[in-house]
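Please look through the sequence and the model shown below, and then follow the report, which takes up one topic under each heading.

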Amino acid sequence: MLMCRPVELLGTSWVLLAGLLVPLQQAAEGREKAAAVGSSVLLPGPDNITHIYSMQWEYLDGTSSRTILQYYRGSHDPAICTPYAGRAVFHPSNGSLLLEDVQESDSGIYKVTVNAGDRESLKILLEVLKPVSRPQLRSSSLVAQATGEVVCDVAEGRVDAITWKKDGQPLPPDRGFYLSDSFSVLYLRSAKKSHCGSYSCNASNRISWQETSLNVTVAGLSPPLQDALRIAVVAVVFAAVSGWGLIFPVCQSEKLRIRGELWRWLSAYTCGLVCIASILAGTAGILWMREEGPSIAIILPEIALTYVMVVTFLVSATVTFQPTNLTQLKSKTAQRMMGYAAPGGVVSVVLTTSFLIKNIHHRHEEGCTDFVDVTALTVSTAAVSALPLLTIFLCYHTTQGCLKDRDSSWADKESRNRTFYGPLAKRPDLGGVCN
C-alpha cells in the first residue's frame, strides 16, 4: 500500500541531529543538482543496478519524509502521490525521476531506494534557484583626489558571487565591499585619472550569471573650482578691457587727448571696472583656497587686490560725484597713489588670475573629463564690458569731427571776409555750430 503522508523520523534527538548531519551526509555520500525555477530536472537512479524489483522515491526535509512514488516490477505504471501527480515522470529502465516545473519549495533532499530488502539507496540534494537579474550599476560623482564609489545591486535571485572588472580585467576581491549577498560597493579611494574606464559587475549563482558595465569618469574640477575658473576668466577680461581704456588716451597726442566730461566718464568707468575685476579675482582666490587650502601664493595677491579694490572704488566714486575734490588734492603721494591704482590693479588682476587659471588647468589634468568651455563666457563678457568704452570713444570722435568742421567753416568765412572787407575783418561768431 502506497503511503503518501509525511512520516516522522524516530526520536526527538534524531530530529535535531538530522538537521545538522544531513548536509554532511549528502556531501559525503550523495550528489548535488541545481535547477532554475520553472524548469525540469532529472534526478538519476543509483549506478550499477542490474535488477530492479522495487523502487521508492522520497523527499526528505530533515524532520520528516514524504513519498513521491513507488514502483514494483511487473506493474504497468508507478504509484505517484498527489502533490507530484502530473509533474513527476518515472523511467523504470534506469530508475531516474524527472520533475517538471520545479519551484523553490522543491529544494531539498531526494532519496531513492532500490529493492527494499537490499537497502540500496542514493540521496540527491536538489537546489531550485531563481536566475539572477541583471545588476544595476551606479556611481557617485567622482572628483579627483576624493573618494568615490561604484554600487552594484542585484534585485532578484540568490547571488552566490559578485566579481568586478575594469576594462575587461578582473579586479582584486579586496577592492569590493559586500553589504549583502546581492549588494556590493567598489570604493575608489583618492580618485585619479587611472580610475577612469569601463567597470563591470558580474553576479552569479549555480544556474545563471548576469553582467552589466558602466563607464566611469573622474572630474578633475569640483563645482567650486569650476566656478572659480569662470570668475577668474571674467576678472581677467574686465582687467584687459579696463587696461585698454587706460592705454588708449596715453597713446594719443596732447592735442587730441580726451578731456572734459568724456575724460571724467572714461576715468570713472575704467577705475570702476578695475575695482570689479579685483573683487572677482579675490573671490576666485578664496574659492581656490577653500578647496585646496591656504597658500601664501594666493594670500599675498589677495592683500594687494584688497588695496586695489578700496583705492579704485574711491577714485571712481570721486570722479563720478565730486570731481572738484581731485583738483584740490595737494599731496603728491596721494596723487601718485590714486594715479597708479588703476594700472597697478590691472597688472595685479592679470597676474593673480593667470596663476589661478594655470593651477586650475593642472588640477583638471588629474581627471578625464573635458575642460570647462569658457569661450562663450569670454566673448560675451568682453562685448558687454567694452560697450561703454566704445560709446565714449564714439562720442569723442564725433566731437572731434564737429570741431574740425567748425574750424574749416571758420577758415572759409575768414578767407571770404578778407577778400571783401580786407585784413581787418573780424572773425564771425560760430559758437553755436557744435553746441
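This is a predicted model: local features need pLDDT of at least 70, side-chain atom pairs count only at pLDDT 80 or more; totals for chains, interfaces and linings use all residues.

Because C152 belongs to strand β12 and C201 to strand β17 (residues 197–204), the pair ties together parts that are 49 residues apart in sequence. The torsion about the S-S bond of C152 and C201 is about -70°, so this disulfide is left-handed.

The count of disulfides comes to two, and the other pair is made by C196 and C368, with sulfur atoms 1.9 Å apart. For C196 and C368 the torsion about the S-S bond is about -90°, so this disulfide is left-handed. The pair joins distant parts of the chain, since C196 sits in the loop between β16 (183–188) and β17, whereas C368 sits in the loop between α6 (332–364) and α7 (375–421), 172 residues apart. C196 counts as buried at 15% relative accessibility, while C368 is partly exposed, with a relative accessible area of 30%.

## Other cysteines

Why is C275 too far for a bond with C271? The sulfur of C275 lies 9.3 Å from that of C271, which holds the closest cysteine sulfur, and a disulfide requires sulfur atoms within 2.5 Å. C275 counts as buried at 8% relative accessibility, whereas C395 counts as partly exposed at 37%.

## The sheet that contains β12

Strand β12, which carries C152, is part of an open sheet of four strands, arranged in the order β11-β12-β16-β15 with antiparallel pairing. The strands at the edges are β11 (136–139) and β15 (176–180), and each has a single partner strand, so one side of each is left without a neighbour in the sheet. On average, neighbouring strands of this sheet are turned by 20° against each other, with direction ignored.

Between β11 and β12 (residues 148–153), the antiparallel pairing runs over four bridges.

## A sheet of three strands

Three strands form another open sheet, in the order β3-β8-β7, and here the pairing is antiparallel. At its edges stand β3 (41–43) and β7 (88–91), each with a single partner strand, so one side of each has no neighbour in the sheet. β7 pairs with β8 (residues 96–99) in the antiparallel sense over four bridges, and the bridge partner of V89 is L98 in β8.

## Salt bridges

Side chains of opposite charge can pair when their charged atoms come close. The structure holds 11 salt bridges, and one of them joins E127 to R158, with the closest N and O atoms 2.3 Å apart. This pair links distant parts of the chain, with E127 in strand β10 (residues 120–129) and R158 in the loop between β12 and β13 (161–166), 31 residues apart. E127 counts as buried at 18% relative accessibility, whereas R158 counts as partly exposed at 38%.

R158 also meets D160 in a salt bridge, at 3.1 Å from N to O, and D160 counts as partly exposed at 41% relative accessibility. A network of salt bridges links E32, E127, R158, D160 and R206. Elsewhere, R363 forms a salt bridge with E366, the closest N and O atoms being 3.6 Å apart; R363 counts as buried at 9% relative accessibility, and E366 as partly exposed at 30%.

Conventions. Residues are numbered from 1 along each chain as its sequence is written. Side-chain values use heavy atoms; hydrogens and water are left out. Two strands pair if DSSP finds at least two bridges between them. Helices (H or I, at least four residues) and strands (E, at least two) are DSSP runs, numbered from the N terminus. Axes are lines fitted to C-alpha atoms, for helices over the stretch in contact, and angles run from 0 to 180 degrees between N-to-C directions. A salt bridge is a side-chain nitrogen of Lys or Arg within 4 Å of a carboxyl oxygen of Asp or Glu. Buried means under 20% relative accessible area, exposed over 50%, partly exposed in between (1.4 Å probe, protein chains only).
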